[in-house]
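Biologist: Please take a close look at the cavities in this model, and describe what lines them and how those linings relate to the surrounding elements.

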Amino acid sequence: VVTRSEYKSDKGNWISWVDLELTNKSPFSTPAEYATTIDLPAGCWISDYYLYVGERKEMGILAEKKSAMWIYSQIRNENRDPGILYYLTENKLAFRVFPFARNEIRRTGIQFLHREPLKFSIDGNEVSLGDSTVKNSDVYANTFADYVPVAKKQQLKKVRRKPYFHFIVNTALEYEVYKEEYVQSIKQIVAQYPALAEGAKISFVNSYVHTFDYKDNFLQEYNKQVFEGGFYLERAVEAVFQNSAKLNTQSFPVMVVLTVSISDAVIDNNFAEYQWAYPDNKYFFHVAENQTLRAHSLVSTSALPTSDSSASILGNTVLEYEYANEKTVYLPNDGRASIVVKHGNSEVAESDINQKVWDSGLSLYALWRSQLIQPDRTDETWLKMVKYSFMSKIMLPVTSYLVVENEAQKVALKRNQEQILSGNKSLDQGEDTRRMSEPGLLLLLILLLFFIGLRKKRQLFKLN
């Protein structure tokens, strides 16, 4: 691992390269893939990438994420030379290079934009970027977000917000038989933690999420529910985060799920991209058979109970941060930098975007975060994010840096970029890459049409 950093005083940020030399020490002779994940600090953006193909240095192409991953898998199947970088969650990257012969050495590198000196690890190797003698310890603010460095967070007031229950009840098809059992469980939990019942919420969840204030008459609303569809727990949890982020009060939700088993639920791997929305507590709870609350992580594999003995419904202290001299938000007390997005002010324009400028990365992060709490605008915001990512050369969760060897695939990816930049919303993101990777399909179609035409001519000849 070799690093090189340059401070851009006119832009107030660092541009750093991390050059990597990778060696395959596997005893097996079959081609291997190098794959790892990288946890980046907040406010650190990817702005370039390269991979040596033989002795030729190939620069990465920024592409729409799904197209890039599809192409990577296709080239990998052909034992060609791809490399790819993409986001798994908000600050976690996947990094993959293929193929590696036994004892083969591959050279690759990633460029980072960052506001202050920072450290992180790549596959167990500590990486230090920037010079600690050059510090930007003040809050950096633009129209859309504030970047709060570690030094500033250490000065913030520690507070403990008040927890309240948010019950999530399974009302999917065939679960009405558990209705009385769930009612009794809720009553027992409320009796055990009466303080958390103050201001509590309850959501009845199947294919839809119906949320009400929890009161003594919650049974009245429960009796109105229609038990149908599946148990879409993921939608319910995301709705809790979206609502909590918009309100941003001095209290926080403790989610308690009532279902026979979490395996009954439709749920993604985790909710790590929403970490900013739950600074107090990184768990939700499932009511186990003996009426105890079993903790599940929101950050890692959510479907499985966690073995973390520190899981508590009471949560942790958070840091109180005020921006614009009027609004207060709460940040995790984790010793790391944080980004505060000014919700409701995420109309990022093309004029706000500049190529490889850290400030543009901050604006793009705010744009990405805004669509998480405004899902009705996802399609509109998605196109804007992809276009702005191409313009700025800064990778976002909707884009990916990809190195390809085939010239036709490079042309296809670049044409794909041009079409998106032109505002073609109806573009099928994988169309060009499929056409380049599967030329035989077009040939087969032409031959099929030819034979159909020939057959029709023969039939007409016989009739005549």
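Modeller: Searching the whole structure gives three cavities of 30 Å³ or more, a cavity being a set of points on a 1 Å grid over the protein atoms alone where a 1.4 Å probe fits but cannot get out, with lining residues having an atom within 4 Å of a point; volume is the space filled by probe spheres set on points joined across faces, edges and corners. The model is predicted, so that local features need pLDDT of at least 70 and side-chain atom pairs count only at pLDDT 80 or more, while totals for chains, interfaces and linings use all residues. Residues are numbered from 1 along each chain as its sequence is written, and side-chain values use heavy atoms, leaving out hydrogens and water.

The largest cavity holds about 100 Å³ of space, and its lining is made up of C44, W45, Y87, E90, N91, G361, Y365, W368, I394, M395, L396 and P397. By class, nine of these residues are nonpolar, two polar and one charged, where Ala, Val, Leu, Ile, Met, Phe, Trp, Tyr, Cys and Pro count as nonpolar, Asp, Glu, Lys and Arg as charged, and the others, Gly among them, as polar. Strand β4 (44-53) and helix α6 each contribute at least two residues to this lining, elements being DSSP runs (helices H or I, at least four residues; strands E, at least two). The largest share, three residues, comes from α6.

Helix α6, residues 358-373, also lies across β12, β13 and β23, running at about 60° to β23 (contact means heavy atoms within 4.5 Å; angles run from 0 to 180 degrees between N-to-C axes fitted to C-alpha atoms, for helices over the stretch in contact). These three strands form an open antiparallel sheet in the order β12-β13-β23, pairing requiring at least two DSSP bridges. Because β12 (140-141) and β23 (338-341) are edge strands with a single partner each, one side of each has no neighbour in the sheet. Strand β13, residues 145-148, is joined to β23 by four bridges, with A145 standing opposite V341 in β23.

The second largest cavity, of about 90 Å³, is lined by R161, F241, S244, F252, P253, M255, A277, Y278, D280, N281, Y283 and L298. Helix α5 (233-247) and strand β18 (251-258) each supply at least two of its lining residues, and β18 gives the most, with three. This lining divides into eight nonpolar, two polar and two charged residues.

Terms used:
1 Å grid on protein atoms, 1.4 Å probe; cavity = no way out; pocket = protein on both sides within 12 Å on 5 of 7 lines; lining within 4 Å.
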